[in-house]
Amino acid sequence: MAHSIKDRLKESLPMPVVAFAKCIFNGYPSLIMASLREARRFNKAYAKDTSKGLKQIESRMMYFTHQIEKGLSHQNFRYGFGKRPLQYLAKTIHAYCQLNPEYADSMPYTSALAALGEYLRRHEGHGESLAYVHSLFPAGLLERAESTSGSEGGSLQFDSSSKRHNQTRTYRELAEERHSIREFSDETVTYEQLKPALEMAMRTPSVCNRQPTRVRVILDNNTISKALAIQGGFRGYPTPPALILLTSDNRVFMAPQEHNEGYTDGGLFGMSLLLALEEQGIAACPLNTMLRNGPEHATRRLLSIPDNENLVMYIAVGHFPSECTTCVSHRFHADDIVTVVGETKD
């Protein structure tokens, strides 16, 4: 097969000349164009407050349902919490039901109803809070919410003793019974306790085995408090005994097309680490690092993160309290998200 002109030039030109040409034609301009394409695609699709699409409204409904679930899972329950999420939940449920004729059988709707039902039951006897809820939702919807069982949404409780034999459990059992824990026991966490899980997570695959993930284990209470105050998504919870930050080292990548690979590899590492911590009987909760420019700079200064590393995620870590309360966070079924391409027909 005849070589293209491009291939012939690669073979005939000196390597420094080829490398220079790649930098000019496949370097920064290519990176800028790729970023612009990604930005355009994202801007057209993401779930804005003004979005009219079913999937966007469904996603917003799930987000506000989860905010209610988190409030229901607090050990020190605060009556009347969540007025703003309840407002948005009422708005999105109404829009969702108008757009989806089969809303009654959908997981996002039943989860929202279950969370709302638990909210009502937990507030019995607190008339002022319930009056506010009744002002937002139709009476018929609240009646359906009150009749839910709670298995589809809201909070769930379990005892820490159920984690004692995690090291003998199957992967399926660990995956199905792992939950994000946001309130931990007072017991301290040491690096030696975390190291076995970190070693297991090192088996995570990465692009061409370049292993871009970097790990910072933060055990100083003051530093953890400052980091989470900047992050902003852990407000209302006690400071966890330990905090892990995953970053991705851009120095391991070799082409502009790989500029997002660190998030992929870092995400894989993060899930491996969460399951490894679960196997070790250690509680954890992943936290995003989707920070604006100012908070990102503050985080970099606080934790001495060099410019060549991208923030991937935090993981709050601690020991299970004797009694645990967490979010149900019901999941879609596989058939809801899977598209099979090229399936063989009988």
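The structure I am showing today holds 12 salt bridges, where a salt bridge is a side-chain nitrogen of Lys or Arg within 4 Å of a carboxyl oxygen of Asp or Glu. Please keep in mind that this is a predicted model, in which local features need pLDDT of at least 70 and side-chain atom pairs count only at pLDDT 80 or more, while totals for chains, interfaces and linings use all residues. Residues are numbered from 1 along each chain as its sequence is written, and side-chain values use heavy atoms, with hydrogens and water left out.

Let me begin with Asp49 and Arg60, whose side chains meet in a salt bridge at 3.0 Å, N to O. Asp49 and Arg60 are also linked with Lys91 in a network of salt bridges. As for exposure, buried means under 20% relative accessible area, exposed over 50%, and partly exposed in between, with a 1.4 Å probe and protein chains only. Asp49 is partly exposed at 39%, whereas Arg60 is buried at 15%.

A second pair is Asp249 and Arg214, which meet through their side chains at 3.6 Å, N to O. Here Asp249 is buried, with a relative accessible area of 3%, and Arg214 is partly exposed at 29%.
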